Amino acid sequence: MNGFLYGVTLQWKLDIRSKSLLVTCYIVPLIFFLLMGGIFTSVMPEMGSTIIQSMIVMSVSMGAFIGLPPSLIETYGSDIKKAYKANGVPICLGLITMFLSAFVHLMITCVVIVLLAPILFEATLPIQLPFFFLALAIYITSSLSIGSVLGLTVKNQAKLTMIAQLVFLPSIMLSGIMFPIEFLPDFLETIGLIFPASWGYRLMLDNGFCFENLWYLTFIFFAAVIVCGIVLKKQKVK
Amino acid sequence: MNHAIQVRGLKKSYGGNIVLGGLDFEIEKGETFALLGVNGAGKTTSLECIEGLRKYDSGTITVNGKMGIQLQSSSLPAHIKPMEAVRLFSKWNKAKIDFTMLNALGIKEATKKQYIQLSTGQKRRLHLALALIGNPDIIFLDEPTAGLDALGRVSLHEQIRKLKSQGKTIVLASHDMAEVESLCDRIAILNNGSIAFCGTAAELTDKIGEKYFIHIKTRQGDSAFETDNIEDTLIALIGDLKQKEIRILDIKVDRGTLERHFIEMARRETE
């Protein structure tokens, strides 16, 4: 356990040193928050009640789909994974430590958004903060599980960049964070429901924490766990 | 049981390409053993099968003792620092955290650098330090001095000799003949996935033949000759030079280096 906790702490530090994760988990999401938060709330003042959730969806999507997968490729697409085998450590340890580390990074960013939004943009805080943070934790977990699948299944960085964008952009555009989902054509609304962003967004809204918004995120998580398990088992056998 | 490692009928193929065609060999406890071969001969695959890093198709591998594996460069995260790596590996191995090895291996000054900023030599030495965590009985070194400068090689060779003097079993894969010749008790030469030779350097020389190499230095330049009959050739060469009134400045006779024997053996196997 001691080794595991040290591994997570160390990974957290390595993520900070790795500029790509620093950029995708903190710098870009927070700049986006500062710019778009101001624009959204001045153009549409009614967005004050949802700006926190909207900005969180953007931050989590960026960190999970664009930030986490390259770190996984760095480990599982290279000889680094041999370090686990050579020391008798389960090969899934790298994934777990990176997952937990990314979870903490994203949670910090989200907490910063929650704290700053009311001060900067007169945003409304969620009424039931415990449920909000529980929903946030579930949403981050679900998004990171997709990021994990991307990082373990895509073999090179160039392909990954393209595929990550194919997941990231629809997540942002079709989740209802930019404009109400009802304005979208039906087929785009349906496509939007494939990604966890729209489900996470609804789950975090006031009175949104219900099974109807929760089941799909849970389903994504368990499906991703199975896929990751299969991929890692294949790597172990090789 | 004196064997540190026993390999029987080890087979491994990738698709239809047979990389190891049934290897048999043993490594004794406290021995320094080298796997030699040209690129693609199966050295790294053999080592990785023994280390448990790679699955093999058939055969048996018995390892008696705790293994320490010197991984190749690029097997650590780019931004990790040497002390962090030592701490992490120590925790994984439930071993006492001991940074003195970093000092002993001459990378103390690099402890504040990230892995990506280390030189090739520093990376190799760091990987050796990591392999020694937990006081292993058997140490695997894969191309330990590849990419190192002369000073780095000498320093790493000293460390390997120290380990040998401590009674460690050392298994190294290399294509550096001079290194193998100076460090190892026995060698196995891999060629096309099978062992072309297994024994001491002297046994290899015997197997290849009674070849002598004569190096003569004169004012006109240096010449080298290869012969099975040292006496007759020397007399003939000296007589010839005397007749031409060429003065001999220096003359050396040796049995050839392991490298020369290895090339010869590879040539024979190909034929």
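Predicted model: local features only at pLDDT ≥ 70, side-chain atom pairs only at ≥ 80, totals over all residues.
In chain B, 9 helices are found together with 12 strands. The chain has 271 residues, and 37% of them count as buried. Its contacts can also be viewed by separation along the sequence: when partners at least 6 residues apart in chain B are considered, 70% of the contacts join residues at least 24 apart.

One is A:Glu122, a residue other than glycine with a positive phi, near 55 degrees. A:Glu122 sits in the loop that links α5 (93-121) to α6 (129-153) of chain A. This residue counts as exposed because it has 11 C-beta neighbours inside 10 Å, and a residue with 12 or fewer falls in that class.

The other detail is A:Asn207, where phi is near 60 degrees, again a positive value in a residue other than glycine. The loop that holds A:Asn207 runs between α9 (196-204) and α10 (211-237) of chain A. With 8 other C-beta atoms within 10 Å, A:Asn207 is therefore exposed.

Taken together, A:Glu122 has a positive phi and is exposed, while A:Asn207 likewise has a positive phi and is exposed.

Key: Residues numbered from 1 in each chain as written. Chains lettered and ligands numbered in written order. Helix = DSSP H or I, 4+ residues; strand = E, 2+ residues; numbered from the N terminus. Buried ≥ 20, exposed ≤ 12 C-beta atoms within 10 Å, placed from the backbone. Contact = placed C-beta atoms within 7 Å.
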